[in-house]
Amino acid sequence: MPHVTANGIQIEYETVGDSSSPALLLIAGNGAQLTFWDDALCERLANAGFFVIRFDNRDAGLSTRFDAAGVPDFMASIKAAMEGRPVESAYTLADMADDCVGLLEALGINKAHICGASMGGMIAQVVAYRHPEHVLSLTSIMSNTGNPHAPQGKPEAIAAVVAPAPEGREAFLAHTLQVWRQIWSPGFPFEEARARAFLEKSYARAYCPQGMARQNTALLATGDRRPFLGSIQAPTLVIHGVADPLIPLAAGQETAELIPGAKLLVIEGMGHDLPTGVWPRIVTAMAQLAGHANA
């Protein structure tokens with residue numbers, strides 16, 4: 001697999017499609033590897049006219065890990081954030097956004113369409129307001145604004161996501177499949193075979209729960225992004241599911257309200273995931289957004 005050195009770290013990446021097409025950078029969420037972006041979804045995006053780039057965030061997959069920083073006390077970080085105190089973190093979402101731009105520059109790409117899901121959507125937002133000169137368009141999927149007073153997700157969904165996975169491959173798979181069921185889109189059939197294959201591949205490729213904890217702390221350390229979202233100038237699409245149990249629809253609505261001119265695509269039955277049933281609508285909407293941005 002190819003990699004580059006950018007922003008002081010090694011970043012693993014893959015590309016799909018014609019390199020002469022407009023670039024689309026896909027940013028995965030907390031703890032997720034580049035394989036979060038399904039091969040078949042990437043092919044659909046490439047067929048829609050994008051040069052697709054997916055990569056491992058720092059502290060995930062095969063990109064540089066920050067093991068020397070240790071494992072943060074996540075509950076202490078949450079307490080500090082709630083009390084308005086600084087959160088100690090090895091890095092922030094700004095550093096992760098700089099990684100994105102560093103990767104593009106290393107690939108000789110000046111501007112790209114930027115898309116992220118969940119925490120990846122938060123990073124994508126930071127790229128859009130921190131590096132506007134590199135952004136053709138922004139797509140933020142099932143994400144939020146960092147508003148500390150926003151409605152919270154369902155307690156059982158939050159508890160499932162933050163609970164540490166047990167050690168051992170089979171225990172990990174059983175546990176994580178249950179997490180997927182908690183956040184899955186209730187309006188779509190649960191794709192157990194696809195979920196299991198994804199989790200098996202992720203575990204074998206580069207499982208790193210310590211990195212996930214550091215990424216979570218980076219999110220807390222970044223704080224409220226609302227003051228910056230109004231400066232985003234790139235054409236923006238916000239996609240959110242009505243049934244998202246982890247980041248409620250209100251978060252997506254607020255994101256769209258704060259980014260000038262943003263369009264909001266609300267999908268009935270969609271939870272905190274990307275079931276294959278939503279792919280056609282998402283790809284079409286992103287292609288339309290890119291068409292306006294490229295015009």
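The buried residues of helix α6 are F172, L173, T176, L177, V179, W180 and I183. They cover an arc of only 160° around the axis, so they sit on the same side of α6. Please keep in mind that this is a predicted model.

**Helix α6**
- Helix α6 runs over residues 169–183, which makes 15 residues.
- At 1.5 Å a residue, α6 should span 21 Å, and this agrees with its end C-alpha atoms, which are 21 Å apart.
- In general, an α-helix has 3.6 residues a turn, so residues three or four places apart point the same way.
- The cover over the buried residues of α6 includes α5 (155–162) and α7 (192–206).

**Cavities**
- You can look for two cavities of 30 Å³ or more in the structure.
- The largest cavity has a volume of about 40 Å³.
- Its lining is made up of W37, L41, L45, I141, L274, W279, I282 and M286.
- Both α1 (39–47) and α11 (279–294) supply at least two residues of that lining, and the largest share, three residues, comes from α11.

**Cysteines**
- How many disulfides does a search of the whole structure find? The search finds zero.
- The closest cysteine sulfur to that of C42 is in C115, 10 Å away, which is too far for a bond, because a disulfide needs the two sulfur atoms within 2.5 Å.
- C42 is buried, with a relative accessible area of 0%, and C115 is buried with a relative accessible area of 0% too.

Key
Residues numbered from 1 in each chain as written. Predicted model: local features only at pLDDT ≥ 70, side-chain atom pairs only at ≥ 80, totals over all residues. Heavy atoms only, no water. Buried < 20%, exposed > 50% of the residue type's maximum accessible area, 1.4 Å probe, protein only. Helix = DSSP H or I, 4+ residues; strand = E, 2+ residues; numbered from the N terminus. Expected span 1.5 Å × (residues − 1). Arc of directions from axis to C-beta. Contact = heavy atoms within 4.5 Å. 1 Å grid on protein atoms, 1.4 Å probe; cavity = no way out; pocket = protein on both sides within 12 Å on 5 of 7 lines; lining within 4 Å. Points joined across faces, edges and corners; volume = space filled by probe spheres on them.
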